[in-house]
Amino acid sequence: VITAPGVIIAHGRGDAMSARGRSAVVARTTTAPERIDRPETGETIEPDRPWIVIVWNDPINLMSYVTYVLQKLFGYSRPKAQRLMMKVHVEGRAVVSGGARERAEADCARLHQHGLWATMERSS
Amino acid sequence: VRDDEVVVVIRRVFTRNRDGSVDVALGEVEVNAVDQTAAELIKELSDPGENSARWFPPAYADDPQHQQEFARMTRDDLIEHKNAAAKTVVDSIREGAIKKGIWRARLTEEQAHAWLGALNDARLLLGTKLNVTEEMEHLPRAGHDPEVLRYNVYAFLSALQGLLVEELLDSIPARGDR
């Protein structure tokens, strides 16, 4: 993502890089359910691992626009949307949402509608 | 007011009103560039080629079978969404009027969001053609060959989108994390 030419991104840079922000993002990515043992049958069931939706860095989308899209689609606050945008920019990718397969597919489709590079995968 | 201060007054391009509508003021040359860009979008959308690959990223990067199904389910909607936005830009340009070399129009909130989407779609298309990188300085360049002209349109659209997104960012209410 790039900064819009002639436009200064004045707010949130410090907040975007805060340790608190990072840990919040990490927490969202590590929600794989544990295996459940059902005592009545002795059978071990592995529930569907949830899906995560990832936005990837690209050289065209504006930083401010990526923040706008994350706010608009997911209702995230400005600081949270900026944190995720900066993670995309600095680390190359960020997990922006997740859930059941249908939810993740719908989120990918909406992100694609808005021109963001989004993929989905099983959370590990 | 000194003379030199009068000279450097910069026209405000987008102004968001309290009711969510957005006033736009562009020079004749600028609005023609936007109009032409929207027409090119509509043309590309009628038969998307290599340069518009960026409009259709794979949701399943490592799963061709599911990706094929995902593309089948979403591609037409995606094209229709982009087409509607580009057409909104063309229509809203016709709704405005040029006076003393400045084109002015009032966009509804919905039209303003369509402009933002169409500007982004156009930049994804042009940026792919130009093979842009994050390190590039997005400033106009001197020269007249087609590549330079295309690049200058790209730089202009980037600045325009940047201005519009700043106006629209504040209009989105935070609904809280889901």
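Trainee: Let's start with Lys82(B): is that residue buried or exposed?
Mentor: Lys82(B) counts as buried, because its relative accessibility is 1%. Keep in mind as we go that this is a predicted model.

Trainee: Okay, and what does Lys82(B) form a salt bridge with?
Mentor: Its partner is Asp121(B), and the closest N and O atoms are 3.0 Å apart. The pair links distant parts of the chain, with Lys82(B) in helix α3 of chain B and Asp121(B) in helix α4 (residues 109-130) of chain B, 39 residues apart.

Trainee: And Asp121(B), buried or exposed?
Mentor: Buried: Asp121(B) has a relative accessibility of 3%, and the cut-off for buried is under 20%.

Trainee: How many salt bridges does the structure hold over all chains?
Mentor: Nine. Another one joins Arg12(B) to Glu167(B), with the closest N and O atoms 2.7 Å apart. That pair links distant parts of the chain: Arg12(B) sits in the loop between α1 (3-7) and β1 (14-16) of chain B, Glu167(B) is in helix α5 of chain B, and 155 residues separate them.

Trainee: How do those two come out, buried or exposed?
Mentor: Arg12(B) is exposed, with a relative accessible area of 51%, whereas Glu167(B) counts as buried at 16%.

Trainee: Tell me about that helix, then. How many residues does α5 of chain B have?
Mentor: Helix α5 of chain B covers residues 146-169, so 24 residues, and reaches 34 Å from its first C-alpha to its last, close to the 34 Å expected at 1.5 Å a residue. Asp145(B) caps the N-terminal end, with a side-chain oxygen 3.1 Å from the backbone nitrogen of Glu147(B).

Trainee: Switching topic: how many residues are in contact between chain A and chain B?
Mentor: On the chain A side 47 residues are in contact with 43 residues of chain B. The area buried between the two chains is about 3700 Å², and carbon and sulfur atoms give 57% of that. In chain A, Ile60(A), Tyr68(A) and Gln113(A) lose the most area to chain B, together 19% of what that side buries.

Trainee: And how many salt bridges are there between chain A and chain B?
Mentor: Two. One of them is Arg78(A) with Asp170(B), where the closest N and O atoms are 2.8 Å apart. Among the elements of chain A, α5(A) gives the most to the side that touches chain B, with nine residues.

Trainee: Which residues of α5(A) are buried?
Mentor: Ala104(A), Asp107(A), Cys108(A), Ala109(A), Leu111(A) and His112(A). What covers them includes β3 (51-56), α3, β4 and β5 of chain A, together with α3 (64-95) of chain B.

Trainee: Last one: what is Thr67(A) in contact with?
Mentor: Thr67(A) is found in helix α3 of chain A. Neighbours within four places in sequence aside, Thr67(A) is in contact with Arg78(A), Ala81(A), Gln82(A), Met85(A) and Leu169(B). Thr67(A) is buried, with a relative accessible area of 2%.

Definitions and conventions: Residues numbered from 1 in each chain as written. Chains lettered and ligands numbered in written order. Predicted model: local features only at pLDDT ≥ 70, side-chain atom pairs only at ≥ 80, totals over all residues. Heavy atoms only, no water. Contact = heavy atoms within 4.5 Å. Buried area = accessible area lost by both parts, 1.4 Å probe. Salt bridge = Lys/Arg side-chain N within 4 Å of Asp/Glu carboxyl O. Helix = DSSP H or I, 4+ residues; strand = E, 2+ residues; numbered from the N terminus. Buried < 20%, exposed > 50% of the residue type's maximum accessible area, 1.4 Å probe, protein only. Polar contact = N/O pair within 3.5 Å; in protein donor to acceptor, adjacent residues only side chain to side chain.
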